Amino acid sequence: MMFDNILSILVFFPALAALLGFVVEKGSIRAYGIAVAAVEFALSLVLWYAYDPSVVGMQFMESIPLVPAFGIHYLVGIDGISLFIIVLATFFTLIGIASLGEVSRLKDMILTLLFLEMTMVGVFVALDAVVFYVFWELSLVPMLYIIGAWGGPLRIYASIKFFLYTFTGSLVMLVGMLFMAYFYHQATGVWSFSILEWYRLVLPENFQIWLFVAFFFGFAIKVPMFPFHTWLPYAHGQAPTIGSVILAAILLKMGTYAFVRFSLPMFPDASVFFMVPIAVISIIMIIYTAMVAYAQEDIKQVVAYSSVSHMGVIVLGTFALNVEGISGSVFLMIAHGVVSGALFMLVGVYYDRRHTKLLSEMGGLASVMPHYATIFGIMVMASVGLPLTINFVGEFLSLLGFYKQSHILTLLAGTAIIVGAIYMLAAFKKAFFGTVTNEANRGLKDVNGRELFALIPLVLVTVWLGVYPKPVLEPINNSVESIVSLMHEKAITQEAKMRIPNPSQQEAASGGSH
Amino acid sequence: MLEAVNISLESLNLVTLSPMLIAIVGALSILTIDLVKVGLHKSLYVMISLLFLLLDLGALFHFVDFFKSNGTMMGFFDVMLVDGLAILSQLIIVIASMLFIPLSLTSKRFHEYNYPEYYALFMFMIAGFQFMVATDNLILIFVGLETASLALYTLIAMHNRSKSFEAAVKYFTMGALAAGFFAFGSMVFYGISGSVEIHQIASALAADDYANIGYVLVGVVFMLAAFGFKLSLVPFHTWTPDVYEGSSAALAGYMSIVPKIASFVVAMRLFEVLVQSGIVWLEVILYAGVVVTMTAANIWALVQNDVKRMLAYSSISHAGFVMAAILIGTTQANSGLFLYWTLFVFTNLGAFAMLWVNRQKTLLPGQSSDHPYEKFAGLISTMPMAAVLMALFMLSLAGIPPFGLFWGKLYMIGSAVSGGYTILALIMALNSAIAGYYYLKLIVYMFMKEPQISQKGFYMMNASLSLKSIIGLAAVVTIFSVILVNPLMEFITAMVYNSGY
């Protein structure tokens with residue numbers, strides 16, 4: 001078949017291009033980077049086109065033995081859940097490179113971004129735990145460099161904190177993976193790190209709980225969930241614009257994606273066991289970070305905390321453990337990527353002009369930079385979850401899903417989101433409305449062509465998927481259904497069977513005539 | 001009247017001695033050449049050493065074939081024992097030596113390399129280590145260990161700086177103490193079992209059901225102390241950073257690899273039979289030793305200001321990490337040890353060689369040691385290639401996949417998991433995280449700080465083609481280790497399993 005190796009090409013093309021890029025002359029590197037990222041984005045669109053949403057299970061699978069004696073294979077494949085995050089990753093790399101302003105050592109930056117793209121795509125296509133871990137860890141290195149070399153005054157502290165936090169969490173996760181492989185070995189007599197094989201393993205509840213905790217450390221730090229979130233404001237505060245954009249749009253999604261890919265289907269009983277605690281943590285995360293965001297004086301920190309706050313909704317939706325909730329949270333991952341990525345980019349537009357991110361320095365920008373204010377306004381509306389924008393669909397479905405598990409917690413979360421709208425709107429008002437108070441802002445130029453090239457597509461996606469989410473939502477829904485029915489089948493305890501509804505029965509009950 | 005001693009030459013099975021004999025002949029021929037004509041260039045001696053090491057390697061490959069078809073080979077009154085462990089460790093020793101010896105072809109002149117004795121001692125040392133691993137006779141182990149150690153002390157001292165003398169004397173004193181402990185421990189074991197061969201000691205102890213448990217305890221404690229010095233386990237590690245600092249970077253890298261694999265093999269032979277006896281306190285002592293060595297060395301490494309000292313502490317920590325294999329004692333763990341150490345050879349030698357290429361003859365004003373972190377500040381903008389390579393070795397040491405040591409760590413932690421040591425597995429994982437910090441510190445200096453030395457080529461002042469080739473080889477193996485892991489692992493597991501470990 002024509003698309004046999006498309007995933008490998010998608011993973012390794014940017015890395016190979018980055019290696020060749022060392023030869024490219026400094027002045028031409030921007031064009032080279034854009035070209036490579038555009039090809040990669042086009043490839044991911046081809047993947048989307050070739051993806052068949054009606055097929056249940058993984059597609060475009062490839063398997064090459066790496067260390068067969070220990071059950072490690074280069075095993076990749078995608079389903080509806082990973083497909084769109086991959087497209088999101090290639091999309092953001094493209095517009096990220098395209099929107100790069102004048103930075104020092106541009107060549108190093110672009111090559112690093114291309115390496116980073118490899119690791120990002122790799123994480124989302126990997127179906128072997130070790131391969132997943134390889135890309136997961138490898139993604140830290142380029143990000144470390146981006147924050148540490150191009151960041152603000154505290155960049156070194158921030159980059160090391162980012163690295164060590166995530167590294168520690170993932171090592172605990174690695175122990176969990178090794179245990180999982182060991183249990184698989186005990187059960188079947190062969191070693192395997194294939195996630196698909198692990199799905200078939202039914203573990204006793206107490207094992208599930210311990211393994212869930214081990215994996216949780218790795219994922220929760222990445223998301224980042226309260227109370228492990230402290231690295232993120234530093235990372236965002238110090239990172240250059242492009243670093244924040246990629247971090248918020250893609251890297252954080254690795255954590256929530258891994259919950260859906262690993263924790264839920266592998267440990268259904270433990271997921272039910274931890275559902276309420278995690279929901280409580282998520283709600284704390286939503287409320288607490290929203291309050292912190294309100295107190296920030298730096299607009300980038302406002303966006304950063306609001307980004308954490310919304311990640312809480314994603315986790316909440318994931319742990320609804322039903323099709324609506326999980327589909328909603330996967331959709332919200334895409335939405336959050338688009339919106340928070342765009343917001344960081346917008347903050348960067350102002351920073352490029354004034355080299356400050358303080359809200360007190362802004363004020364009345366709407367009259368000086370009308371286009372900028374309009375785009376910012378649309379993105380703020382999307383961020384607070386205005387209906388007919390992309391975030392609304394995801395948030396609504398996530399909350400709807402969780403409503404079926406607990407009315408009170410959902411109500412709390414819903415209120416928190418509404419309250420959360422206050423700080424975004426307040427920050428927006430402070431920055432854009434009123435008269436121009438700061439003389440330095442008076443002569444600012446509005447967004448230029450390069451910035452528009454990056455921002456307009458984001459606006460279009462925000463509105464398009466807000467109005468008509470079906471092309472994305474449907475493949476996600478189909479894949480989530482298969483995960484949920486797997487969970488339902490695997491669950492041992494009666495409570496878990498009840499909490500995780502079987503999607504096919506549900507449809508039959510609601511009068512579907514399939 | 002005494003009966004005539006009648007021994008046939010075949011029963012001696014002299015072929016078991018061939019690898020060591022090759023090394024010794026190599027050493028003697030270097031000395032002979034020097035007798036015939038003095039003042040020859042060091043490249044000649046390097047190449048002769050390499051040739052003999054190559055022959056040595058050939059003999060070892062012959063053993064591999066033999067072992068595969070016939071199993072363990074004994075010889076020389078059953079003193080020589082050529083089993084899978086012996087062959088594997090000798091392979092590591094010889095390959096590491098072949099990587100090390102070209103590092104003497106530096107572009108700067110260091111006077112020790114102009115003495116042919118340097119190379120002769122080097123070959124004698126290799127023979128000593130080879131004897132040490134290819135026997136389970138405590139006396140021959142002792143002889144091999146001392147031959148190798150005495151040669152090594154001299155090699156350190158020949159570097160001819162005041163710190164080198166200090167290092168050599170320190171190492172010598174500690175080594176002498178360790179030798180004393182070893183001799184005493186052997187004596188105790190001989191006293192309670194009537195034998196100096198490890199397998200006989202084990203069966204004698206098992207036969208009377210560990211009746212002399214008090215003596216066993218004494219013997220084990222002395223042995224542990226002796227190996228503690230040689231493997232630089234905490235609290236016997238205090239010499240390591242000073243000795244590494246005083247030696248040339250190349251030799252320090254060599255010391256972190258070869259003497260340790262030899263000691264690991266002996267420790268494996270000795271302690272695994274004892275651990276399997278089910279004596280709880282021995283397991284506890286080893287457990288504590290492993291955990292303390294990993295953790296404490298990591299914490300000390302955090303506060304070092306000199307890269308070489310940091311690498312010294314890091315190598316202590318790696319030794320502790322690998323020592324866990326001897327505690328766990330399964331075939332998987334023991335194979336993991338060899339896999340880890342094979343990959344460690346390339347990564348660590350690469351890292352030390354990177355220090356070696358930027359070795360200055362004289363210190364700059366304000367510079368307190370040879371390799372302070374500040375020296376590497378901003379390397380990415382002055383020497384991007386060097387910075388990337390150094391970062392690669394650091395990432396591998398930190399266990400970032402897919403580079404070399406990640407696979408070693410994966411196997412080691414995996415074997416702790418399957419051996420039932422859950423807490424140990426977690427401690428090993430968390431230690432890797434602590435270690436991440438100090439490896440990262442160097443990367444931070446290289447990539448994120450502004451350069452302090454603008455002089456181009458400063459970092460490569462000691463580089464030559466042969467140094468660059470060795471570093472390149474180490475880098476290639478480190479990067480592409482993922483392809484090597486499977487064949488290596490199959491080979492190692494077969495060798496270890498068929499030796500009964």
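The predictor's confidence in each residue is expressed as pLDDT, on a scale from 0 to 100. In this predicted model, chain A has a mean pLDDT of 89, and 98% of its residues reach 70 or more. Within chain A, helix 5 carries the highest confidence, at 94, whereas the lowest is found in helix 23 of chain A (residues 503-509), where the mean is 62. Where pLDDT is low, the predicted coordinates should not be read in detail.

The interface between the two chains brings 27 residues of chain A into contact with 25 residues of chain B. On the side of chain A that touches chain B, at least two residues each are supplied by strand 1 (59-67), helix 5 (129-138), helix 6 (140-150) and helix 7 (155-188) of chain A. Among these elements, helix 7 of chain A gives the most, with 14 residues. When the residues on this side of chain A are divided by class, 23 are nonpolar, two are polar and two are charged.

In chain B, attention may be turned to Ile261(B), which is located in helix 12 of that chain (residues 258-275). Ile261(B) is classed as buried because 25 other C-beta atoms lie within 10 Å, the threshold for a buried residue being 20 or more. Residues up to four places away in sequence being left aside, Ile261(B) touches Ser89(B), Ile92(B), Ile93(B) and Trp341(B).

How values were computed:
Residues are numbered from 1 along each chain as its sequence is written. Chains are lettered from A and ligands numbered from 1 in the order in which they are written. This is a predicted model: local features need pLDDT of at least 70, side-chain atom pairs count only at pLDDT 80 or more; totals for chains, interfaces and linings use all residues. Two residues are in contact if their C-beta atoms, placed from the backbone, lie within 7 Å. Helices (H or I, at least four residues) and strands (E, at least two) are DSSP runs, numbered from the N terminus. Ala, Val, Leu, Ile, Met, Phe, Trp, Tyr, Cys and Pro count as nonpolar, Asp, Glu, Lys and Arg as charged, and the others, Gly among them, as polar. A residue is buried if 20 or more other C-beta atoms lie within 10 Å of its own, exposed if 12 or fewer, and partly exposed in between; C-beta atoms are placed from the backbone.
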